[in-house]
Amino acid sequence: MKRLPIYQIDAFSSDCFGGNPAAIIPLDAWLPQACLQRIADENNLSETAFLVPDTQTDFQLRWFAPKAEVDLCGHATLASAWWLFNEQDWPRDELRFTSRSGVLTARRCAQGVEIQLPSRASQRLPKVPPRLSQALGRPPEAVLSGANLIAVYPNQQDIECLQPDFHALKAFHPQGILVTAPGHSCDFVSRYFVPSFGIDEDPVTGSAHADLAPYWAQRLGQHQFSARQLSARGGKLEVQIIDQQVLLRGTCALYLRGEIQFEDPSTSP
């Protein structure tokens with residue numbers, strides 16, 4: 001029987017029940033891919049992060065949504081760094097992670113933890129795809145395409161009122177759907193839909209702001225932003241873009257520490 005420690009951490013929130021929950025599972029060595037995916041599916045959180053010590057950086061870091069491994073996840077990276085800094089007494093003020101998106105860094109800061117993600121530029125489409133407007137329930141002003149699709153609306157109320165057809169949004173896999181607009185009390189707001197990965201709406205998405213930051217930097221002519229994600233749980237982010245890197249700052253709250261157990265796939269006949 002395999003036994004592994006597990007921690008559930010609410011990222012981008014100073015209190016439990018806010019922000020975006022992530023599971024953190026430290027490993028001595030990698031389990032088979034199928035096993036990692038089954039654990040993430042069983043956890044049924046936006047992401048489960050797995051950490052393995054690394055000789056080149058500090059840790060190898062992989063993220064799994066319930067239905068697939070993902071290339072980049074901000075909130076689970078923040079949660080992993082926060083856990084190491086605050087629960088494991090990490091001796092330095094910086095961490096380096098090897099990931100599918102390259103080497104990511106995390107640092108202690110006044111707001112808790114600052115993580116550095118690669119900036120992901122998007123290109124404006126010549127016209128709004130009709131099936132996207134239909135799936136979202138109202139047509140956006142513009143749509144950009146990159147790692148995700150970004151649908152831009154005139155104001156915050158448009159974002160709050162959206163009631164998308166999640167089944168229809170699955171057709172845009174592997175891209176998720178970001179919707180964004182200027183905010184009432186912040187620079188911009190957003191929501192993020194990724195039903196093809198088993199997440200209808202993600203509560204607070206760090207990686208989405210790696211797409212949003214370059215768009216809003218160009219539009220507003222600034223490089224530092226306050227942002228809100230308008231999911232039911234909601235979240236606030238401090239965002240900065242410097243030299244093709246997006247810096248996100250936030251804190252976390254530990255919700256659960258425990259142990260999972262299952263039959264070890266490496267010993268199965």
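This is a predicted model: local features need pLDDT of at least 70, side-chain atom pairs count only at pLDDT 80 or more; totals for chains, interfaces and linings use all residues.
Val-194 stands opposite Ile-199 of β14. The two strands form a hairpin with 4 residues between them. Gly-198 lies in that turn and has a positive phi of about 90°.

Strand β15 (residues 224-229) runs parallel to β13. The table lists the pairings.

| Partner of β13 | Sense | Bridges | A residue pair |
|---|---|---|---|
| β15 (residues 224-229) | parallel | 3 bridges | Val-189 with Arg-228 |

How many residues of β13 (residues 188-194) are buried? The count is 7 of the 7, so the strand is largely enclosed by the rest of the structure. Both faces are covered. Phe-188, Ser-190, Tyr-192 and Val-194 are buried on one side. Val-189, Arg-191 and Phe-193 are buried on the other.

Now the helix. α1 spans residues 33-43. Its buried residues are Cys-35, Leu-36, Gln-37, Ile-39, Ala-40 and Asn-43. An α-helix has 3.6 residues a turn, so residues three or four places apart point the same way. The buried residues of α1 pack against β1 (2-11), β2 (20-26), β3 (47-53), β4 (59-64), β5 (69-70) and β18 (252-262). Asn-44 follows α1, with a positive phi near 55°.

Technical notes
Residues are numbered from 1 along each chain as its sequence is written. Side-chain values use heavy atoms; hydrogens and water are left out. Buried means under 20% relative accessible area, exposed over 50%, partly exposed in between (1.4 Å probe, protein chains only). Contact means heavy atoms within 4.5 Å. Two strands pair if DSSP finds at least two bridges between them.
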